[in-house]
Amino acid sequence: MQLNYKQTGQGPVVVIMHGLFGSLENLNIIAKALSESFTVINVDLRNHGSSFHDVEMSYPAMANDVLSLLSDLNIEKAHIIGHSMGGKVAMQLAMLNNDIVDKLVVLDIAPVNYHPRHDKIIQALQTIDNASVKSRAEADTLMKNYIEEMGVRQFLLKSLTKVETGYQWKFNLDTIVDNYSKIISNINETHSCSCATLFIKGNDSDYILAEHREAIVSLFPNSKAKVIHGAGHWLHAEKPAAVNRSIIDFLQ
């Protein structure tokens, strides 16, 4: 089963991977900027967007999906970029096949275990799933009971799609919930990865903290960090110019 992807631009290959509950559309702002100098492969990870659904949701499985896609496309070397969950997939991919990775960019995530932090979001998504809503506006109203931040609701509603019976989530919510403990856990760390790596952190985000430095340096000794001020976890949406410039400077 091949991942759904969108290819744009020409030049050295860059693979981009979105975060939890997202799709390739979320990273279009990065893909567009990079496509001026690179061939961009923007992917929907399994159980997300228009890619296939599967009960397995481990980081090795998700990373192997991307490696299979690259093999199918006869790509032997690529820059790998991932945000949040996609950042962990990117790091796992580098662990599985260091040789295929030219440079690695990880957006606002660390190779560590995280505490559950999506309880309210999952409740909101399940409420929509069970409510047979007739419009996005109706879905948004229901989600306000769980999620105050309009930006988070708008991000999630991008994955609400119209079907014959009303609306449903593009992502495979049941499987994501069943595998949530795997998603917030660390990657399968087998060795340190020597590839040149850039960790980009939103200054207002708590996904990368000082206490994570040891884990980052241990697994990715050839890494450096960039902090984007005035941005939180969705740094590419909040400060796109600064994030894109940081990525392009690093890759070139």
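Residues are numbered from 1 along each chain as its sequence is written, and side-chain values use heavy atoms, with hydrogens and water left out. Because the model is predicted, local features need pLDDT of at least 70 and side-chain atom pairs count only at pLDDT 80 or more, while totals for chains, interfaces and linings use all residues.

Let me begin with the sheet. It is an open one of 7 strands, in the order S1-S3-S2-S4-S5-S8-S9, with mixed pairing; strands here are DSSP runs of E with at least two residues, helices are runs of H or I with at least four, both numbered from the N terminus, and two strands pair if DSSP finds at least two bridges between them. At the edges lie S1 (5-8) and S9 (223-228), each of which pairs on one side only.

Within the sheet, S5 (residues 101-107) and S8 (residues 196-202) run parallel and share 5 bridges, and Lys103 has Ala196 of S8 as its bridge partner.

Now to the helices H5 (residues 136-143) and H6 (residues 150-157), which pack at an angle of about 135 degrees with their axes 11 Å apart, where axes are lines fitted to C-alpha atoms, for helices over the stretch in contact, and angles run from 0 to 180 degrees between N-to-C directions. The contact, meaning heavy atoms within 4.5 Å, is made by Arg136, Ala139, Asp140 and Met143 of H5 together with Arg153, Leu156 and Leu157 of H6.
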